[in-house]
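Here are some friendly notes to read beside the model. Please keep the 3D view open and find each residue as you go.

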Amino acid sequence: MDSGTKKVSSTIGHKLMDSHILSVTKLIFCKVLQQIKTGSISVYFPDGSQEVFVGKYIGPCAHLKILNYRCLGKILFGGDIGIAEGYMAGDWTSDNLTDLLKLGVLNKHIFMGVLGDFGGKQKDCFNGHYN
């Protein structure tokens with residue numbers, strides 16, 4: 001096998017791995033949103049698919065358009081900084097940012113579950129510096 005064949009095989013392998021990681025990240029993202037209790041959110045993905053998640057209680061009706069899949073990891077594991085960075089980078093958008101943020105605040109329990117104790121430590125660190 002020459003170096004050109006190795007390079008093509010390596011590229012195909014990376015694309016398959018990236019595709020698998022993307023599928024798992026999207027699955028986790030959707031599983032998290034299935035847990036919302038208040039409001040609803042419609043999520044539009046770059047592949048044209050759409051998912052709608054509705055909580056038990058009435059609340060904001062938000063829309064999230066994912067423009068680049070890389071933001072899913074930032075949203076899931078980057079906390080509020082990751083969400084903001086994804087927005088500034090143009091990886092996602094919303095037709096009503098206020099409703100989206102309200103939905104996030106009303107359902108913060110599901111995001112803290114993903115972040116685990118890290119989310120709490122982040123808050124404590126912030127409070128320690130600014131209180």
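1. **Helices and strands.** Helices (H or I, at least four residues) and strands (E, at least two) are DSSP runs, numbered from the N terminus. With that in hand, you can follow the chain along its sequence as α-β-β-β-α-α-β-α-α-α. That makes 6 helices and 4 strands.

2. **What kind of model this is.** This is a predicted model, in which local features need pLDDT of at least 70 and side-chain atom pairs count only at pLDDT 80 or more, while totals for chains, interfaces and linings use all residues. Residues are numbered from 1 along each chain as its sequence is written, and side-chain values use heavy atoms, with hydrogens and water left out.

3. The chain has a mean pLDDT of 78, and 70% of its residues reach 70 or more. Over residues 5–14 the value is below 50, and this stretch has 1 contact (heavy atoms within 4.5 Å) beyond near neighbours in sequence. Residues 116–131 also stay under 50, and the model has 2 contacts for them beyond four places in sequence. Please read both stretches with care.

4. **The chain as a whole.** Of the 131 residues in the chain, 28% are buried. Here buried means under 20% relative accessible area, exposed means over 50%, and partly exposed lies in between (1.4 Å probe, protein chains only). The chain exposes about 8,600 Å², and carbon and sulfur atoms supply 61% of that area. Accessible areas come from the Shrake-Rupley method with a 1.4 Å probe, and for residues only the protein chains shown count as cover. Among contacts with a separation of 6 or more, 41% are between residues 24 or more positions apart.

5. **Strand β1 and its partners.** Two strands pair if DSSP finds at least two bridges between them. Strand β1 pairs with β3 in the parallel sense over 6 bridges, and 5 bridges join β1 to β2, which run antiparallel. How many of the 7 residues of β1 are buried? The count is 6, so β1 is largely enclosed by the rest of the structure.

6. **The hairpin turn.** Strands β1 and β2 form a hairpin with 5 residues between them. Look for Gly-48 in the turn, which has a positive phi of about 95°.

7. Side chains of opposite charge can pair when their charged atoms come close. A salt bridge is a side-chain nitrogen of Lys or Arg within 4 Å of a carboxyl oxygen of Asp or Glu. The structure holds 3 of them. One joins the side chains of Asp-47 and Lys-26 at 3.3 Å, N to O. Asp-47 lies in the loop between β1 (38–44) and β2 (50–54) and Lys-26 in helix α1 (residues 3–33), so the pair ties together parts that are 21 residues apart in sequence.

8. **More about Lys-26.** Is Lys-26 buried or exposed? Lys-26 is buried, with a relative accessible area of 19%. Its side chain also makes a polar contact with the side chain of Ser-49 at 3.1 Å. A polar contact is a pair of N or O atoms within 3.5 Å; within protein, one must be able to donate a hydrogen and the other to accept it, and residues adjacent in sequence count only if both atoms are side-chain atoms. Not counting residues up to four places away in sequence, Lys-26 touches Phe-45, Asp-47, Ser-49, Tyr-69 and Leu-72.

9. The side chains of Asp-91 and Arg-70 meet in a salt bridge of 2.8 Å, N to O. This pair links distant parts of the chain, with Asp-91 in the loop between α3 (79–88) and β4 (92–93) and Arg-70 in the loop between β3 (57–66) and α2 (71–77), 21 residues apart. Asp-91 is buried, at 1% relative accessible area. Lys-74 and Asp-91 also meet in a salt bridge, at 3.5 Å, N to O. Lys-74 lies in helix α2 and Asp-91 in the loop between α3 and β4, so this pair ties together parts that are 17 residues apart in sequence. Lys-74 counts as partly exposed, at 27% relative accessibility. Through shared partners, salt bridges join Arg-70, Lys-74 and Asp-91 into one network.

Methods:
pLDDT = per-residue confidence, 0-100.
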